[in-house]
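The entries below follow the order in which I checked them.

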Amino acid sequence: MSWDYFLLFAIVSLCFWSFGAYAAWREKRPVFVHGFTIVGLVVFFTFIVGMWISLERPPMRTMGETRLWYSFFLPLVGIITYSRWKYKWILSFSTILSLVFIYINILKPEIHNKTLMPALQSPWFAPHVIVYMFAYAMLGAAAVMAIYLLWKKKQKISPMEMDLCDNLANVGLSFLTLGLLSGALWAKEAWGHYWSWDPKETWAAATWLSYLCYIHFRLHKRNEYRKALVILLVSFVLLQMCWYGINYLPSAQGASIHTYNMR
Amino acid sequence: MWKQPWGFKEGYSICIGLFITGAMLQISIGKINLDALAYPVNLISGIGYFLLLTTLYFKYKRSSYIVSWLSSYQAAISSMSSMVFMIVLMGLIKQTPGYISMEGNFIGFSKMLSAWPFALLFLWMIIILSMTIIRRLNHFKWSDISFMLNHIGLLLALVGSILGSADIQKLEMTTMAGRPEWRALNERKEVVELPLAIELHKFSIKEYPPKLMLIGASLPKGKSATFLVEPGLGTGQLLDWTISVKKYLPYAASVPSGDTLRYVEFHSFGATNAIYVKAINRKTGISREGWVSCGNFMFPYNAIKLDDKVSLVMPELEPQRFYSSVTVYLESKKVQDATIEVNKPFEIDGWKIYQLSYDESKCRWSEVSVFQLVKDPWLPVVYTGIIMMVVGAICMFTMAKKNKEDKV
């Protein structure tokens, strides 16, 4: 499978996801919602597997490749959330977000060559990145929800909606923790120490602590919704710094050993 | 303010106070040196710290407001968000390694980990975390298990890594084939003699197949202009050029032939990679052929000038894996053979030995292998913490689901 097929697979997946989102919005039978979304996920995942086989390594090294996983996990998070809480709009959101990342990948695919440096050849590589991308997708969904509740929604925020944010943030933080800790265990095997305050690790620590603040704030001030949502958004901004912001940050230039996607 | 019950105002005031105190300490006595924590000071201070906090808790939990406030949400959130602030500062200011002296830079924030304001706020967060744990342990219920795993795990990982930091030995050892080596350099580049010796038998490197690449000033940006020469030859497209590989010599030597270079098979020390290619421009029909080689320390590199604008070159080969076969000798007369590879360190007698690098100017002909040796006696404490947090995170994930079911 070469990158040339991406457009085809992406369009087919997006069509299925859009049908699923439409069915959810129109409150059609859940079987349609699940069916369409899952078929879309299968199509997209087939492409990822195809890339994996043809590259002879996990497609997780470059930014473009991590965006591939992100575009996949967003609708997955969407359908999980939908099946638990039946929010009719969640799939529209996740599909649009996924579309954005697919669009970036079409414009800027980045190098997809076969080489994988020895430091990345480890059984930790795939779980570390997949867990992180899943966490990012969860927390991305939480951030979109926060923006909606803070600025778009005209009525009062309901406790149910805050529950959704809490659940997305809780699950996102659990996966973020697993990503962080698997990274620490891997770093010990690859670089000799579990934590070396590399710029990526520094921002990961800030992000993680910031989400902890959100969780503790929610436990403490149950009814101050807006403040909690602002913490959620600040945390998401920190997450962006950790994910790709450091590639542009002057203080991180040449200091990070986490840069595998630079040409 | 300072009227009970205390809230965020008081929490943040304490943090700002600690920050200012730290800044003043930094200006007056300079940065912190954690080397003073070397064994047994770290063990004693660790035990002392927990005894002190437990005593404080049980003695003053009723009489002193601050002791009970320490385990409140306000204290936790204000100290954690202050730490977020400090870590963001650390991320924004370029950090210089500990052994390079650069005093007085941003009140020491270019060495954030040894800056007093950071250390005091960190200690404050640890105290709050510890107090919270002590209080909850005092009223332990089995439903608290997820809380305990997450909080105690974090505490062990943080305390273990701080107290253990002075006991970590991190050395770099350069070995030459056939010569046992027992001396290594520490981070300050001082020679240290070790209780073990490493004898390098052979350093091996496996490289990815060579790549061909177009270079030139007029190439369109963002277009992929490299192609990997698969074993078994092939044809590839590079922009307007069709490149066919006619001959691939993984072990080659250059021979002058007229005013160009020719490559011949050469199976000996210093051989390089060379490819004979034919390139045809699909638009203009121009055809070029010749040898392309990345060269090395013995042989020159060679490129083909395709037209006025672009040339075809072979970048240096990328390593796929590199590893050393060694014998490790211990003072206790124990001898063990091992293969050490990136991501596969070898562990012996509390030491972890990592493949670090090699003589990069010689690539696959390197007769030198560089190892990193690390001894971290506090690692079990940190790992216990990490494993508790892993279990805690899984608990948290499943609990999130359970809450949801309660509501539906």
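**Cavities**

I began with the second largest cavity in this predicted model, and found its lining made up of A:Leu74, A:Val77, A:Gly78, A:Trp89, A:Ile90, A:Phe93, A:Ser94, A:Leu97, A:Ala141, A:Val144 and A:Met145. I took a cavity as a set of points, on a 1 Å grid over the protein atoms alone, where a 1.4 Å probe fits but cannot get out, with lining residues having an atom within 4 Å of a point. α3, α4 (90–107) and α5 of chain A each give two or more residues to this lining, and α4(A) has the largest share with four. Helices here are DSSP runs (H or I, at least four residues), numbered from the N terminus. I noted a volume of about 80 Å³, which is the space filled by probe spheres set on grid points joined across faces, edges and corners.

I then turned to the largest cavity, at about 590 Å³. I listed 30 lining residues for the largest cavity, with A:His128, A:Val129, A:Tyr132, A:Lys200 and A:His258 nearest its centre. Two or more residues each come from α3 (63–85), α5 (125–152), α6 (159–191), α7 (199–220) and α8 (225–243) of chain A. I recorded α6(A) as the largest contributor to the lining of the largest cavity, with seven residues.

I counted five cavities of 30 Å³ or more.

Residues are numbered from 1 along each chain as its sequence is written, and chains are lettered from A in the order in which they are written. Totals for linings use all residues, while local features need pLDDT of at least 70 and side-chain atom pairs pLDDT 80 or more; side-chain values use heavy atoms, without hydrogens and water.

Methods:
On a 1 Å grid over the protein atoms alone, a cavity is a set of points where a 1.4 Å probe fits but cannot get out, and a pocket is an open set with protein on both sides within 12 Å along at least five of seven lines; lining residues have an atom within 4 Å of a point.
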